[in-house]
Structure formats: structure tokens, C-alpha cells
Amino acid sequence: MAATRIFFTTDTHGSSVCFRKFINAGKFYDAHVLILGGDITGKKVIPFVRQADGSYKVNHLDREQLIAEGEQLEALKRNITDMGYYPYMTDEREVEQLGGDPAAQDAIFKDLMKARMRESLQIADERLEGTGIRCYVQPGNDDEYDIDELFDGGTSVVNPEGKVIQIDENHTMISTGHANITPWNCPRDVSDERLEAMIEAMTSQVTDFERCIFNFHCPPYDTVLDQAPELDDQMRPSLEMGGKPHMVPVGSPAVRRAIDKYQPRLGLHGHIHESRGSQKLGRTLCLNPGSEYGEGVLRGVIIDIEKKGIKSFTFTSG
Amino acid sequence: MATEAKEGKGAGGDLFVRRASGLTRTVSPWSALVYAFVCPTMTFAFLYYYQEQTAYPGALGWATSFLILPLLPIALIYVFMSLSMPRSGGEYIYVSRILNPLLGFVACWTLTIVGINWSGLLSQWAVNWGLGNLFLAEGLATRNATLISWGKYLSITTPEHRWVIWLIASAILGSAFLVMAMGTKAVMRAMWVVLVTQWVMLISFILIALFAGGQANTLAGFEKVQGIKWTEVTDAVNTVSGGAGLPVFALAATVWAGLVWVNLSTLGSTYAANISGEIKKVNLAMPLSQIGSMVLFFVYWIIFTTVANHGLGDTTIRSLSYIDTQGQATTMLNTLPTISYMVVWMTQNWFLVAVAGPLAFFVATWGGILGLSFAPVRNLFAFSFDGLLPGWVNKVSRNGSPNRAVLLAFVMAWVIMTVSIFTTWWSFITYTVTIWMVGWVILGIAAMVFPWRRKDIFEKSPALVQSRILGIPWITILGLLGTIVAAVSIYATFLVGTTPTFNEKNLVWTAAVFVLAPIVIYFIAVTWQKGKGVEMDKRFKTIPPD
């Protein structure tokens, strides 16, 4: 029986180029299954503020520019889109109004997020049609619940959140994009107790954990996959000797307990961009490919999985 | 917490940053500076200040510190690269991504093997110039014949004594790696102890050197403690120089000494880490801390050499280091007279001799093994993830310690230590500078071409990284300067003056082996992985987005 090849990536954070690479990764790596493990929407809107002379003032990458309409403007928009941000055409009056109106800002964010998500799913539908490649994209803790409805109409892309999915004839997968509470109180941050309950709701439906994949956005606590810079109460990274950040575990104890208890074949995780790595917890191989979405680099991992086990895995940097 | 983001500047500023930004506040430049300067290899000035003058007679000791400044372009390359690719993890990724994975591996491997090489060599130093010099100096200070005999036994690696030295060095090396295997917390605690010891040593040395009575006191102490007339040393200078006396100060010798020896003290200080969080913001802390730490180091070296010259006498150090081009000082004194050893000529107080001298040097050397193996262990770990080394290397213990990678690094360091004790092939530390600089030549080239080879990443970098002068990207200029500095440093390592252990053929073979090894490993790995159905060449290939 030939191995099933999975390509897993995570934390694209709205990067248009990374999502397009993800969709093309199936053909590029000869993968049967594509999985995007969470955090798929962007973090920042970049206003393009129209000036009296028709040019646009844009503050991007700590540089303020005045750009006339045309190819240069379009190129900058593409650059911003590729970095995961949302260009927004506006004017000084609106910027001033929005400054005192968080609800209006939120509404703009959500509109832009949904528009890009819609566009991404459409690209996925077009490129995956007829290929036989199965594609799973789940929102992560950073993602608003508003985007969930967008998966209902798509034909190629499935949101696996909370479901038991048959990956191939031997393996099942359970998924959640929720995470334990972070300093930023993200939309899908939940208490560890609640996360445990969500996991249990899925594991109660699994019959063969030896051939199960845990697609949990949040990595297990205290592994090489969940090390992040420690922050002080001013949100500054703490340093240690030599000027390096002091790294601490920030993953989920609930995820850790679930993996220790059920010992699935494979754990796929993201959430902590700095912690690319692999670690075996008992018989479970846990993987986090990390993320460099801001540079337009799609970090991922190719996993060849057979009935008897994992044949191989390779970290990629596309 | 999101309020820090809303400090709106310019057109909307940070107005539209989501709460879920992952944004953190930037570290102050002062914090970054202090931590960057806190490096456990500072006390190696006690050794290098002497050895650089043996290797390059005529070098003006205090002026060699100026040669720290040419390292600035290379330090700034690391800063710019880490601002551009904050989660990449060093030269391995930078070069793999910009040039190709083979060159990335070679560049990173050279720095890895240098760190491991040093760990092996330092364990021998810890025996010879730590323990050996400690027993010898304490024995001479207290007129204890037993201590003197132990000191003589351990301070020089002779064929008769090498087995014992090898055993003790193996134990020292093993103890450092054992702490590493216990995890990061254990390492950090140990490093703080080492750091405090170093500062106590340095301050004690400075006080003794300033107040002990200068060169006259030192020479009197030399004659009293060693039982040798100083005129024997001056006679030896005349013999070695053919009557010309001490070499006059030479600019070229000063430059070569600085490029090779002073820079040995800085290994590890260019490991810059981007700490700016998710939203790309220019973090001035990093470039300022790199520049600042180099300036601080420069000031430190000036102070150290000035104080050493004041307390010991400039001609004292120069005379002994000069006759040691023929090994004569080492033979005369039964040890290599490091600056830490010379403390016993300034004072015969046994406590001060230990605190300001060889005991502290021993502790610093042990700390050096620990500190300098950190990055190599991390790199071996990364190589294993990428299939370049066997998978078992990236296994971790229950407490998350990469103990397999630690074990591999220990074995490599131990083999190098063994070869260096039982042969003279790798005993000369300037060989490592050659190897190290090869890695930096490759990094410099990658930096030069970065804006064109990876335009996609370059154009997503912060404004500082994309900045230009006369239309040329600064990163390109830094790459060119860094490549030149590294290439000149390689040249400088071939100009080392004749010493008993330096051999140009050994240098060429050593460098060739250590630089060719990663190429061989790479192709073996690619072939092996291909047999398992893993296409290594796809690891770094850019997926076409359209």
C-alpha cells in the first residue's frame, strides 16, 4: 500500500502569496492531502490615504511614502497583501473618524478578512478541481469566528474544526484551532479546561488512536514546539546572557495531556512561529513547521504516512 | 496591551493593528547592549595578549584592539538579516535561501566546527594553563615543592605526561557537556557563576596591577619566584634576534595580530536575535547593541592591555612572548607564561594569585567550553531536522534537552581534543580562525547579492534593511566589506610567525578537511534521503505561487 503524502503548513496569517503556495504545494510536492493548521487571517490594515493631488500616503515598514496611482501603487498593494496585511483605500477624514471608533475599525477588518478569505477559497477551488488532492484549512486562535461561514459553500476546502475526518483508508484526523489563553486574548483563546473538553468531545468519537492524527493548532506544553520569548509585564521580551531572548514554554497542557493519554500517530501543530521542530511524546510524533509568512516563505513539512507508521518527514521552506 | 500599538504615526500609523497582533514592545538599546556584551570569553585576553605577540612579533598590543572594528560590517550583516528574516535561525538559513542549501550548510558548518574545536582545545587549556599554572604559581608563591611538581607535570603537554592530561581534560570536557545535557536553566546558572568569577578576576587583576609597584616590582618578583635572573631573558632576546633586540613596532604585525587574535575573543557575539515580535518594526536596539558591544569590547581591551603593561611592564611581556617564538620562555619557566600566570610575579599572596590568576582562568575556560558549544549543539540539531545528519540527533530528553545533539558535539570535541593532545596537527588555534572566516566569506557573498537573489524577501524587509546609499543597498556594501575582512583574516592566518607548533601544511590540511567535510556529508545525506524517497533538493526550493 503506497504511503499517503501529507503537506502540512500553518500560520499564514493572511499572506496571499503563502496561501497560493500552499494550494500549489500539492502538485509541487506530490502530496495527496494539504492541511493548513490555523491562523489564516492577517493582523494589520494598511491605510492608503488619498491626498488632494490624487496620490496616496502610505506608512509601511516604518517608511512613509507618497505614491501616485499606477503600477507602483499596485506593486505596493501586492507586497502588502503578500505580507498578510490588508491595504485599505481611504482618506484623511475617514482615518480621523475611525480613530475614535473601534467598532468601525473592527467592521473594516472583518470585511477585508472575509473578502481575502473568499478570494483565497476561490483560488483553491479553481486550482484543486479535478486533482484529487484533499485540502483542509482550519481557522486558528487568531482568527475571528466570522470567517467560518465562508467554508460552507466551498467544494475543495474543508474546515475540519471539531470533526473526525477520514484522511485515507487507514487514518483519521481530529482538529481544533483553539488555543489556551495568550497575552493578546485572541478570538479563539479558551481556558485550558475548555480546550480539554473540546478535545474530549472529538476523541470520544475515535476508535483507533494508533492511526489517528491530532491536528491541534496549539502545541503540547513544554516541548521543543512551544518555546516562545518570555515577556515581562510591559510586553517586552526578557533577555538572557549574550542578548538572546529567554525562551519559555507557552503551549497547552490540555493538548499535552491528550497526546500523552491517547498516543495518536501524529500531532500537527503551529501557533508558535519560532518553534520549528519535531519531538516524540511516547509513540506520537509531534511536528511544528514554524512560520515565516511575513517574508512570503511557506514553511511546511511533508509527511509520508503508511498503515504501519510514519515512513518519513521532511521540513520544507518554500 | 493592544494600546501600545495605537501610537498612530503618519498615515494611520498603527491605528489598524488587531488585538491579536502578537505585538511586543521593543527592548531598550541599553538592555540589549548590556546583554550582548556579557560574554564569557573576555578573560581570554589573559592568554591572547601574550600569544598574539608571539605569533606576530612587533604587534603593538593595545593597538590590536582597533582591529575589532573591522568586524562591525559582519555584525551588522547578522543584524540586517535577522531583521529581514526574524525567525530564520542564522547563517544556515540566510545562505541556504539566498545562495543554495549546500553553501548554507558549509557556512554554518564552519562556525559549528570552530565552536566544537574550541571546546576540545579549551579543555586542554584548562589543564595546562588553568590547573597546571595554578599549582605551579601557588607552589612558587608558597615554596611548596609538591605543588610545583604537580604544576610542572600538568602545565605542558609532553609525551610522558599526555595520558594524564588527556584524562583530566576529558573529565573537564565531560563535566561541561553534562551541564549542557541538564538543560538551559542549568547552563544559565553555571554561566552566571562563571561570569561573576570573571569579573572578580578582572577587577582583582586591575587592582593588583595598578598598586603592586609596576615593572620593577614584577621583575624582582620574577627573579625571586622563578629563581632566574632577568638578564637571562634579555640575553635570550639578543640570541633569538641575532643582536637586534626586541622587534620594533610594526603596523602589519599589529593588524594581523588584531584580525586573528583579538577577534578570537568575539566568537559568539554576532549571534543576533530579532526580538521585535510579529509586526515588523525597526528595532534600533539591535544595531545599537552590536555597535555598542564592540565599542565596549574595544575599551575593555585598551584598559586591560594598559593595566597589564603598567603592572607587569610592557617589555616584560614583549620579551617573554618574543623568545617564545622559539619556545624558550615556556621551557625556561616550565609553562606558557599567560598574563594570569604572571600575577605571581606581582604578588606572592596565595589568595590573590588564585583569584586574579590561574584559578579564575580555569573557571573562565570551563565556562568557555559551555558557552561556545551552545550554538554548535543548536546547529547540529537543525542539520538533523533537515536530514543532513541522522534523525536520532534531534531527539530530545523528557525535559526538552537536545541530549543526543549534546552527545554528538561532545564526541566531536573529545576527538579533536584527543588529536590535539596526541599530535600537533590541530593544536594551533589560528587554524580555527581560517575555517571560521571561510564561513564568513560565504555569508558576505550572500549579503552582497541578497537584494537581487531574493528580491521577494528583501522587499518585505523593514526600511532599515532596504536602505541605500547612492542607490546601492547597505546590505550589499556590508556584504562586500565583510567578505574583504574575512578574506584578509584568512590571509593573516598564513602569516603567523614561526612557533614550535605552527605548521603551514597542517593549517592548509586542517582547513581543507573541515571545509570539505560538509560537502561530503551533504552529498551523502542527499543520496541517502533520496533512497528513502525524500527529495532533499525540494527543502529550500521556492514553490511558485501562480
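1. Start with the sheet in chain A. Its six strands run in the order 8-7-2-1-19-20. The sheet is open and the pairing is mixed. Note that the model is predicted.

2. Now the edges. Strand 8 (157-158) and strand 20 (310-317) of chain A each have a single partner strand, so one side of each has no neighbour in the sheet. Strand 8 of chain A pairs with strand 7 (residues 134-137) of chain A in the parallel sense, over two bridges. Tyr136(A) has Val158(A) in strand 8 of chain A as its bridge partner.

3. One helix to check against the sheet is helix 1 (residues 16-29) of chain A, which packs on it. Helix 1 touches strand 1 (4-9), strand 2 (33-36) and strand 19 (299-305) of chain A. The directions of helix 1 and strand 1 of chain A make an angle of about 150 degrees.

4. Strand 19 of chain A deserves a look. Six of its seven residues are buried, so the rest of the structure largely encloses strand 19. Strand 19 runs antiparallel to strand 1 of chain A, with six bridges between them. Ile303(A) in strand 19 stands opposite Ile6(A).

5. On to the hairpin. Strands 19 and 20 of chain A are antiparallel and joined by seven bridges. Ile305(A) has Ile310(A) in strand 20 of chain A as its bridge partner. Four residues lie between the two strands, and Gly309(A) in this hairpin takes a positive phi near 155 degrees.

6. Chain B, briefly. Its secondary structure comprises 23 helices and two strands. Of its 546 residues, 58% are buried. Among chain B contacts between residues at least 6 apart in sequence, 81% join residues at least 24 apart.

Methods:
Residues are numbered from 1 along each chain as its sequence is written. Chains are lettered from A and ligands numbered from 1 in the order in which they are written. This is a predicted model: local features need pLDDT of at least 70, side-chain atom pairs count only at pLDDT 80 or more; totals for chains, interfaces and linings use all residues. A residue is buried if 20 or more other C-beta atoms lie within 10 Å of its own, exposed if 12 or fewer, and partly exposed in between; C-beta atoms are placed from the backbone. Two residues are in contact if their C-beta atoms, placed from the backbone, lie within 7 Å. Two strands pair if DSSP finds at least two bridges between them. Axes are lines fitted to C-alpha atoms, for helices over the stretch in contact, and angles run from 0 to 180 degrees between N-to-C directions.
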